[in-house]
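Subject: Structure handover and findings

Hello,

Here is the structure I promised to pass on. Please open it alongside this email.

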Amino acid sequence: MRFTYAEAMTDPSYYVPLAQAAEAAGYSSITVADSIAYPKESDSTYPYTPDGNREFLEDKPFVEAFVLSAAILAATTTLRVTPFVVKLPIRPPVLVAKQAASLAAMSNNRFGFGVGISPWPDDFEIMGVPFEKRGARMDECIDIVRGLCAGGYFEFHGEFYDLPPIKINPVSTEPVPILIGGHSKPALRRAAQRGDGWMHAGGDPAELDRLLAELDTLRAEYGTRKDFEVHVISLDGFTVDGIKRLEDKGITDVIVGFRNPYTTEHDTEPLDVKIRNLTKFAERVIAATGN
C-alpha cells in the first residue's frame, strides 16, 4: 500500500514544507487540487457534497495545479505529485501534454497525472470550450496527452482536435501515468479503457465497494494493465486493520487528510499542527504496515 497526503485550500506558503514533511515521514505522494476561477453567479452544483453546495470554494486559495506541482517536485526528491484532479477537457491538450511531460522529465518520473471532467458548465464557458460532448472531448484529450508524452512524432485526427505529426521534447523515461477521476459509469469505463488508474473522491463505504466491483468488471472487459492504480479515500485508511481490508480489495494507494475541506471557514490550522498530524499518522499507521 502507498500513502498519499492530501491538503487543499490552505496557505500557499505551506505546500512546500508540507510536501517535504510528508516525504520525510514516508508518504509516497501528495495531491494537488485544481480550480480555475469561482463564478459570482451560478446555478451549478457540486457532486461530492450532500446538498450540492459549492460555496465552500469561494475565496479559497488555489495555486494553479501545474505551477504547484512544479514547486513541490523541485523541493523534494522521492515524493510523487498526483493532481486530484486536473480538469482536462477545458484545457488545450497539446499544451497539457507539454506541461505533464516536462514535469515528469524534470522530476525523474514522479508525476502521476490525475485528470477528470469538470462538473460545472461555468468552467467550460470561461475557457471558451463547449460543455456539450465533454466526455468525447475528454477521451480525445487523454489520447493526445498520452500520444505526445510517449515521445516521437504523433498525429491525431478526431472530432474536436486535428493534429499534424508533431513531437515534444523532453519526455520522461517512463510513461506518464494517467489516473482517471470520477464515480459515474462513463468515468469508470474511461478509467478501465484509457487510464492507468482510477481516483476515488470519497463517500459511503458501501458505495466504494459497488464502484470497485463495477471497475473490476470493466477492467476485465478492456483487459486493463495488471499494474493499474486504484487511489481511494476511506476511513479504513486510518487504521492498520483498515489498510489490510483495503489491500484485500485491490487498493494500491490510500489518500489521507486530517481536516475537513468542505467548510466555508478559512483554514486557520498552523503549519506546525499540520506537520504534527501527518507525522503522527505516519508513525502510527505507515510504519506499522511496513511501508
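First, the ground rules. This is a predicted model, in which local features need pLDDT of at least 70 and side-chain atom pairs count only at pLDDT 80 or more, while totals for chains, interfaces and linings use all residues. Residues are numbered from 1 along each chain as its sequence is written, and side-chain values use heavy atoms, with hydrogens and water left out.

The sheet

Nine strands make an open sheet, with parallel pairing. The order is β3-β2-β1-β11-β10-β9-β8-β5-β4. Strands are DSSP runs of E, at least two residues long, and helices are runs of H or I, at least four; both are numbered from the N terminus. Two strands pair if DSSP finds at least two bridges between them. β3 (80–83) and β4 (86–87) are the edge strands, each pairing on one side only. β3 runs parallel to β2 (residues 29–32), joined by four bridges. There, I30 has V81 as its bridge partner.

Strand β8

β8 covers residues 178–181. I178 and I180 point one way, L179 and G181 the other, and all are buried (under 20% relative accessible area; over 50% is exposed, in between is partly exposed; 1.4 Å probe, protein chains only). β8 pairs in parallel with β5 (residues 113–116) over three bridges. I178 is the bridge partner of F113. Three bridges also link β8 to β9 (residues 197–199), again in the parallel sense. Here I180 has W198 as its bridge partner. From β8 the chain crosses through helix α6 (residues 185–194) to β9, and this β-α-β crossover is right-handed. That is, with the strands pointing away from the viewer, the path from the first strand over the helix to the second runs clockwise.

The second largest pocket

The second largest pocket holds about 320 Å³ of space. It has 17 lining residues, and R80, E174, P175, P177 and E229 are the closest to its centre. By class, the lining has five nonpolar, four polar and eight charged residues. A pocket is an open set of points on a 1 Å grid over the protein atoms alone, where a 1.4 Å probe fits, with protein on both sides within 12 Å along at least five of seven lines; lining residues have an atom within 4 Å of a point. Grid points are joined across faces, edges and corners, and the volume is the space filled by probe spheres set on the points. Asp, Glu, Lys and Arg count as charged; Ala, Val, Leu, Ile, Met, Phe, Trp, Tyr, Cys and Pro as nonpolar; the others, Gly among them, as polar.

Cysteines

There are zero disulfides (pairs of cysteine sulfur atoms within 2.5 Å). C141 is buried at 0% relative accessible area, and C149 is buried at 6%.

Best wishes
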